[in-house]
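This note is meant for a colleague who is meeting the structure for the first time. Please read the numbered points with the model in view.

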Amino acid sequence: MADPRESPPDVADLFDRYGAELRHYCAGRVGAHLAEDIVAETFLIAYQRRDRLLDGPVRAWLYGIASNLLRRHRRTETRALRTLARTGRDPFVPDVADRAVDRAHAAAVSRNLAAVLARLPARQRDVLLLYALADLDYDTIARTLGIPLGSVQSALFRARRKLRAALPEGEL
């Protein structure tokens with residue numbers, strides 16, 4: 001009988017532990033509908049490659065798979081951000097009478113933020129969104145993207161600096 005410490009974790013258990021946070025992160029990147037597909041595909045790949053689960057931290061490995069899948073959808077993400085910047089209408093959020101007055105300011109901020117995000121280099125955008133939406137620490141982001149820790153810190157610093165320069169005070 002195999003040593004239980006050497007057998008990969010059950011992917012269903014991983015889904016129970018990390019599925020919701022991956023879905024939240026992906027929804028922030030490409031919308032709820034596409035996020036469901038990406039998370040499902042992430043766990044399908046995790047199941048197919050479950051023998052690799054013992055190679056490192058599981059959470060970072062799952063975020064790495066999801067990030068790779070999101071890269072495939074980068075054009076969709078960039079187009080959506082540009083649409084939001086141009087029109088103020090988020091193409092991923094169903095239009096429920098636009099929630100009127102309290103959304104007006106948020107829409108203006110979202111437009112400005114989306115315009116800045118659309119202009120960020122891919123690495124800076126990935127690092128910033130993994131940090132802000134997925135609430136990952138620097139080390140986990142580095143492992144997720146397969147880049148040095150210093151590159152994560154540098155990319156996040158540059159992304160924040162660009163956001164501060166592009167957005168009026170009080171919008172951040």
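Is Tyr 25 buried or exposed, and what is its relative accessible area?

1. Tyr 25 is buried, its relative accessible area being 0%. The value comes from a predicted model and should be read as such. When neighbours within four places in sequence are set aside, the contacts of Tyr 25 are Tyr 63, Ser 67, Leu 70, Asp 126, Leu 129, Leu 130, Leu 133 and Ala 134.

2. The overall fold may be stated briefly. The chain has eight helices and zero strands, and its pattern along the sequence reads α-α-α-α-α-α-α-α. Of the 172 residues in the chain, 37% are buried.

3. Among contacts between residues at least 6 apart in sequence, 68% join residues at least 24 apart.

4. The largest nonpolar core contains 45 residues, and those touching the most other members are Leu 22, Tyr 25, Cys 26, Phe 43, Leu 62, Val 127 and Leu 130. At least two residues of this core come from each of H1 (11-30), H2 (32-48), H3 (58-72), H4 (74-87), H5 (100-119), H6 (122-132), H7 (138-145) and H8 (149-166).

5. The structure holds three aromatic pairs. One of them joins Phe 15 and Phe 43 in an edge-to-face arrangement, with 5.1 Å centre to centre and 80° between the planes. Because Phe 15 belongs to helix H1 and Phe 43 to helix H2, this pair ties together parts that are 28 residues apart in sequence. Phe 15 is partly exposed, at 36% relative accessibility, whereas Phe 43 is buried, at 7%.

6. A further pair is formed by Tyr 25 and Tyr 63: the ring centres are 5.6 Å apart and the planes stand at 65°, so the pair is edge-to-face. Tyr 25 is in helix H1 and Tyr 63 in helix H3, so parts that are 38 residues apart in sequence are tied together by the pair. Tyr 63 is buried, with a relative accessible area of 1%.

7. Two local features complete the note. The charged end of Arg 50 sits over the ring of Tyr 47, at 4.0 Å from the ring centre. Asp 135, in the loop between H6 and H7, is a residue other than glycine with a positive phi, near 60°. Asp 135 counts as exposed, with 62% relative accessibility.

Note on methods:
Residues numbered from 1 in each chain as written. Predicted model: local features only at pLDDT ≥ 70, side-chain atom pairs only at ≥ 80, totals over all residues. Heavy atoms only, no water. Helix = DSSP H or I, 4+ residues; strand = E, 2+ residues; numbered from the N terminus. Buried < 20%, exposed > 50% of the residue type's maximum accessible area, 1.4 Å probe, protein only. Contact = heavy atoms within 4.5 Å. Core = buried A, V, L, I, M, F, W, Y, C linked by side-chain atoms within 4.5 Å. Phe/Tyr/Trp six-rings, centres within 6.5 Å; stacked < 30°, edge-to-face > 60°. Lys NZ or Arg CZ within 6 Å of the ring centre and 35° of its normal.
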